[in-house]
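Hi everyone, thanks for making time for this.

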Amino acid sequence: MKYEYDSTGLVTSYISLFFIIPVVLYMIYAHMFTKKTERYTCACTNCLSKRERKDRTFLVIIPVLVAVSAYLMYNICTIRVDKNNDIFNPYEVLELSEGASKRDIQRTFKRLSRLHDPDYFEGPDKEVNEVKLKEISRAYNMLKSGKLVVSKNEKHHEVIAIPSWLINNGYYSLAVYVLVFGVLFPFFAYLHWRKYTYKNRLGLYYETMEMIYKRMHGECTNVFIGIRVLINIIADSKELMEHCYKRQIDVKGYIEGNYAVPLRESKKITNGYSVLIDHLFRTKFAHPKDLEFVQKKALAILEGVKMVAFLTNNRAVLDNAFDLERMIVQAVPDPSFAVMQFPYITYNQVFLNKGKSVTDLAMAINKNERKVCLHVYDTLPRKSIRCKDVVECEKKSVFNFKIELMDDLRNAPSSEGSKIGSGQRDGNEIKNDEQNASESIDKNSNQSTNDLRTGVLIRQEGELDYELLNTVGSYRHVPVHAPYFLSRAIVEWTLYALYDNDLLPETKIRFSDFTGTKEVVLDIPVKEKSGILEIVLVCDRYFGCDVKRKVSVRVV
């Protein structure tokens, strides 16, 4: 068996189309049917000036792939036409119709042989008739042997799907082969291996997680882990230390001079720390690329902090981590300045009027700005928790506790804007919730929930949860009003429980905003004595939206 390279490019074109067409179809389908995240509709100056970067990958790659596919299909069609013209038909050469008898074939062959005998011609005609006589002899032999149609060149070779031009330029081809498979491919394989070897599922280095644990339980034992310490942990992480920044900035003198807020010592200040402080105080010295990187990594590191806080039963760190997460999303320098999350409310206003509500601060700005500010305040996501007031269970057991999460229509916007940033609701609201919930929960008290697992959300159909693999509800991706946060952000909630002020990590659930009523069943371990079960629902993106509910657990 002889082999030849794909000189025409037909085989190569078929193989290339085999891989390109599925990619094109998938990209078109994904672009057409993927739900796009909506933008928060706000008329404030910062939202209008925020540049929305469009993903132009689809607009660039798809036309290129379509053009390549069209060229390959044209090449295939052209080569197939040429091949059809290259077919040798013995009936056409002998001027016979298909199915002619052997006698007609012999008679025609003798007649055409005498007619094109080169001995009767001279000059160019002699050469033409020699070629014609060869074709006549070949056609007669084919029909005589029963082999009807073959290619004119009669080559019976296996075609290797390697273009001939690649073989003709052997040295260049070898250089490209060594560069791709000897250098680039091993390099990207190493990066992929390193990504999954040195980083966890949050995308953080294990060294960063080890540093978080040591800061919380080694160097800072019995010390309240405040927000400033968490900012230092983020700044000292390997992710921010090793990043190549577009711009080096120094904001220490500016922040301390204009805001009277002390920062770290100069020798401990890194560029990542300066970029994070620049974002929180909205000074706009850092490069946008640096800001976006630090914002994303800071939120990822805070997820690691919350994970360690849950596992080590450190509620103070957990609360500070949630506050710092909201500070980063809303670009707020401190939880006491939480009202800065609303448009046109500045640092100086809050500093000079501490304790005043949002509506009081909004009265100091003009009418149009006040309308925009109060619109954002009125559209804050508000939820409520409904559950039983008292639960009875056996000693040292695990009981299934059902709660309901829903939109809080009773907690309508009011002039009590000073509640923003407090992270909880007052006792009267909780008491009212308990009274309104008793009838609804008692109706379903006979329903057995022993077969339900921890964190399973029921009575909803929709998308998948962040951490659970069951369908848990008709979620809605509600955009967050965060003009200083360069990435897209949606409203997210975190639900967890405490028993006698001890965190229960197995009850933690995180999900995006939802519509209607959501039922949650939690497995609560019971101690020897009666205690207080506290259910906490935290909004990860806004201040002042957290909800807490306390339940009395009686051990019988």
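Let me start with a question: which residue forms a salt bridge with Glu207? It's Lys238, with the closest N and O atoms 3.5 Å apart. Keep in mind that this is a predicted model. Glu207 sits in helix H9 and Lys238 in helix H11, 31 residues apart. Glu207 is partly exposed, at 48% relative accessibility, whereas Lys238 is buried, at 18%. In total, the count comes to 23 salt bridges.

Now over to the sheet. Five strands form an open, mixed sheet in the order E6-E15-E14-E11-E12, with E6 and E12 as the edge strands. On average, neighbouring strands are turned by 20° against each other. Helix H14, residues 288-312, packs on this sheet and touches E11 and E12. Those two strands pair antiparallel over 7 bridges, and Glu492 has Ser512 in E12 as its bridge partner.

Glu492 also forms a salt bridge with Arg541, at 2.9 Å between the closest N and O atoms. Arg541 lies in the loop between E14 and E15 and Glu492 in E11, so this pair ties together parts 49 residues apart in sequence. Arg541 is buried at 8% relative accessibility, and Glu492 is buried at 7%.

That loop between E14 and E15 also holds Asp540, which meets Arg510 of strand E12 in a salt bridge of 3.3 Å, N to O. Arg510 counts as buried at 13%, and Asp540 at 0%. Finally, salt bridges with shared partners join Glu303, Lys306, Glu325, Glu492, Arg510, Asp540 and Arg541 into one network.

Key:
Residues are numbered from 1 along each chain as its sequence is written. This is a predicted model: local features need pLDDT of at least 70, side-chain atom pairs count only at pLDDT 80 or more; totals for chains, interfaces and linings use all residues. Side-chain values use heavy atoms; hydrogens and water are left out. Two strands pair if DSSP finds at least two bridges between them. Helices (H or I, at least four residues) and strands (E, at least two) are DSSP runs, numbered from the N terminus. Axes are lines fitted to C-alpha atoms, for helices over the stretch in contact, and angles run from 0 to 180 degrees between N-to-C directions. Contact means heavy atoms within 4.5 Å. A salt bridge is a side-chain nitrogen of Lys or Arg within 4 Å of a carboxyl oxygen of Asp or Glu. Buried means under 20% relative accessible area, exposed over 50%, partly exposed in between (1.4 Å probe, protein chains only).
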